Amino acid sequence: MTVTQQRHRPTPERDAARPADRWVRPPVGTNPASRALLLPEITLESGVPLPRVTVTFQTWGTLNANADNAVLVEHALTGDSHVVGPAGPGQPTAGWWPGLIGPGAPLDTRELFVVASNVLGGCRGTTGPGSSDPAGHPWGSRFPATTVRDQVAVEARLADALGIDRWRLVLGGSMGGMRALEWVAGHPDRVDGALIIASTARATADQIAWGQAQALAITSDPDYLGGDYYGHGPGPRQGLGLARRIAHTTYRSAAELDTRFGRDPQGAEDPMSDGRFAVESYLDHQAAKLTARFDAGSYLQLSRAMATHDVTRGRGSLAHVLGAYDGMLRTVAVDSDRLFPVELSQEIVDAHGRGGVHVMSSSHGHDGFLIETDAIAAAVAEAVDAVRGVRPREVG
Ligand SMILES: CC(=O)SCCNC(=O)CCNC(=O)[C@H](O)C(C)(C)COP(=O)(O)OP(=O)(O)OC[C@H]1O[C@@H](n2cnc3c(N)ncnc32)[C@H](O)[C@@H]1OP(=O)(O)O
Ligand SMILES: N[C@@H](CCO)C(=O)O
């Protein structure tokens, strides 16, 4: 079934050169509320072609007649399109920004049409290393390196298929904020407003450094099998668990960990023998949770895409790149975030020359953007109000 709402920009060379994207049934095991689009082929930023890319997504509300009420919500590293709603069959986690979308919510579905897609390279329905290639075999080690720009290029094809020429608002946290800012940098005429939360214009050496240890933890696992573990053994669960322990420590603040766990033993265990401290037990728990719901190959893919993230690559200075954008741009930072410190949000605003940084107070560090949901809701509601006046809207 070919895509009927082809309202994307008429670019004859683009339309004529490729078969039409078409709606398909989502892969087995994805969120039952999701839909799916099949892209016959995409060409990655590297120049490598990637055939038969499926992108799965969820929507809330209705696209209006002018198609000018669409909002794109971008998930973070281990998130997915399930922004709100309960966990259930095909959906291992509850919505990660509960209360954000719905009638009367900050993203009010009485007015807005909200879209959230699963990222390219991930493991929640959109094509990634664990997906089957056109011959029906898992891509595994053959899945090419992808970038944040590739992730957004896939979302642009989805927007085309949905008949969305321009987003009223794009928003996201962490890796989601990277995609939201790439929409601004790479598709400035398709975004009225952007809210970049706990993120950055380009990865820092600190973030790249923490990512290297995580990647080596996975690739050093004997069950990694060079990335071709799909259908062969348990996969690098130990390595993924170790990577998560490293990552989760960076997602929280030292003060929070000290306050919550101190030097307490875990229950009756004795750290002086073979027992654990409570904080070690907590990290063991976080590792077990992630390995039960996430794929190591996708973790490597997406972590590498975050490390290579740089909206200025091949485009000039950040001021030049963001200065070309005449829409609304705001950032939110968490005051205790030691992975994406406040100055990374300030750098974005300074380069754009307008908007502002809202510094959110939280003891939770980087994960504060997922935990302080009232503060996030308020920032999103303000951004929705601010963007209303950015472009004249046809009454439709
Ligand atoms: C876009 C995205 O990034 S999505 C990310 C993943 N999203 C989700 O998981 C959806 C739900 N969201 C959440 O849970 C939060 O937003 C998260 C992910 C940031 C977690 O934040 P918090 O609420 O602070 O939970 P916290 O990190 O303290 O972990 C609490 C868990 O640790 C466990 N725990 C606490 N102390 C210990 C200990 N000493 N030993 C073992 N386990 C412990 C708790 O029992 C609890 O278990 P549970 O998660 O199974 O209920
Ligand atoms: N802790 C969240 C945010 C990381 O940026 C996740 O696991 O995706």
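Ser174 is tucked away as a buried residue, with a relative accessible area of 5% (buried means under 20%, exposed over 50%, partly exposed in between, with a 1.4 Å probe and protein chains only). This is a predicted model, where local features need pLDDT of at least 70, side-chain atom pairs count only at pLDDT 80 or more, and totals for chains, interfaces and linings use all residues. Residues are numbered from 1 along each chain as its sequence is written, chains are lettered from A and ligands numbered from 1 in written order, and side-chain values use heavy atoms, leaving out hydrogens and water.

Ser174 isn't a glycine, yet its phi is positive, about 60°.

Now for ligand 1. Which residues come nearest to it, of the 21 around it? They are Arg252, Arg260, Ser281, Tyr282 and Lys289 (near means a heavy atom within 4 Å). Here are some polar contacts (pairs of N or O atoms within 3.5 Å):

| Residue | Atom in residue | Atom in ligand 1 | Distance |
|---|---|---|---|
| Ala278 | polar backbone atom | nitrogen | 3.3 Å |
| His285 | side-chain N or O | oxygen | 2.9 Å |
| Lys289 | polar side-chain atom | oxygen | 2.5 Å |

Taken alone, ligand 1 exposes 1,000 Å², and the protein buries 68% of that (areas by the Shrake-Rupley method, 1.4 Å probe).

Technical notes:
A polar contact is a pair of N or O atoms within 3.5 Å; within protein, one must be able to donate a hydrogen and the other to accept it, and residues adjacent in sequence count only if both atoms are side-chain atoms.
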